[in-house]
Amino acid sequence: MSDLKTRIGEDVKTAMRAGDKARLMLLRMLTAELKQREVVESIELTDTVVLSAIEKMLKQRRDSESQFRAGNRPELADKEAEEIRVLTEYLPQQLTAEELDALLAQAVAETGAQGGKDMGKVIGWLKPKVQGRTDMGKLSGLVKAKLG
């Protein structure tokens with residue numbers, strides 16, 4: 001079983017004991033997402049799968065937050081921002097810009113990427129190395145700019 005899944009399970013219990021309803025609700029949603037992946041895809045949950053689920057939930061919340069801010073709904077945007085903060089607690093240490101640039105240069109060199117048509121190769125090489133450690137949307141933009 002995944003260490004991250006175990007940690008999330010323990011945090012659910014802690015949130016229950018503390019009476020932290022907002023955190024408990026979010027962690028239960030995450031647990032449900034993990035359970036669904038486990039059952040539907042018939043896979044053993046690894047930290048990589050758990051990180052993937054967390055990243056999916058983060059993307060949804062970032063999109064919602066920006067929509068709420070654009071719609072002048074700050075109370076809902078603040079709720080999404082708080083959920084983003086909680087979810088990021090489960091991500092590993094984020095890569096610095098320098099580390100990301102170095103990995104990107106290494107990926108381009110090792111894949112032999114020449115231009116935009118090779119973007120998939122570079123992202124495929126990078127994804128397992130940066131999963132959970134950077135925003136994949138931003139990474140995609142950096143790769144596009146580098147190969148552009």
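I counted secondary structure to start: the protein has 7 helices and 0 strands, taken as DSSP runs numbered from the N terminus (H or I, at least four residues, for helices; E, at least two, for strands). Along the sequence I read the pattern α-α-α-α-α-α-α.

I noted that this is a predicted model, where local features need pLDDT of at least 70, side-chain atom pairs count only at pLDDT 80 or more, and totals for chains, interfaces and linings use all residues. Residues are numbered from 1 along each chain as its sequence is written, and side-chain values use heavy atoms, with hydrogens and water left out.

Overall dimensions: I found that the C-alpha atoms fill a box of roughly 55 × 40 × 30 Å along the principal axes. Of the 148 residues, 37% are buried (under 20% relative accessible area, 1.4 Å probe, protein chains only).

I then looked at contacts (heavy atoms within 4.5 Å). Among those with a separation of 6 or more, 59% join residues 24 or more positions apart.

Next I took up helix 6 (residues 119–130) and helix 7 (residues 136–147), which pack at about 140 degrees with axes 11 Å apart. The axes are lines fitted to C-alpha atoms over the stretch in contact, and angles run from 0 to 180 degrees between N-to-C directions.

Notes
Buried means under 20% relative accessible area, exposed over 50%, partly exposed in between (1.4 Å probe, protein chains only).
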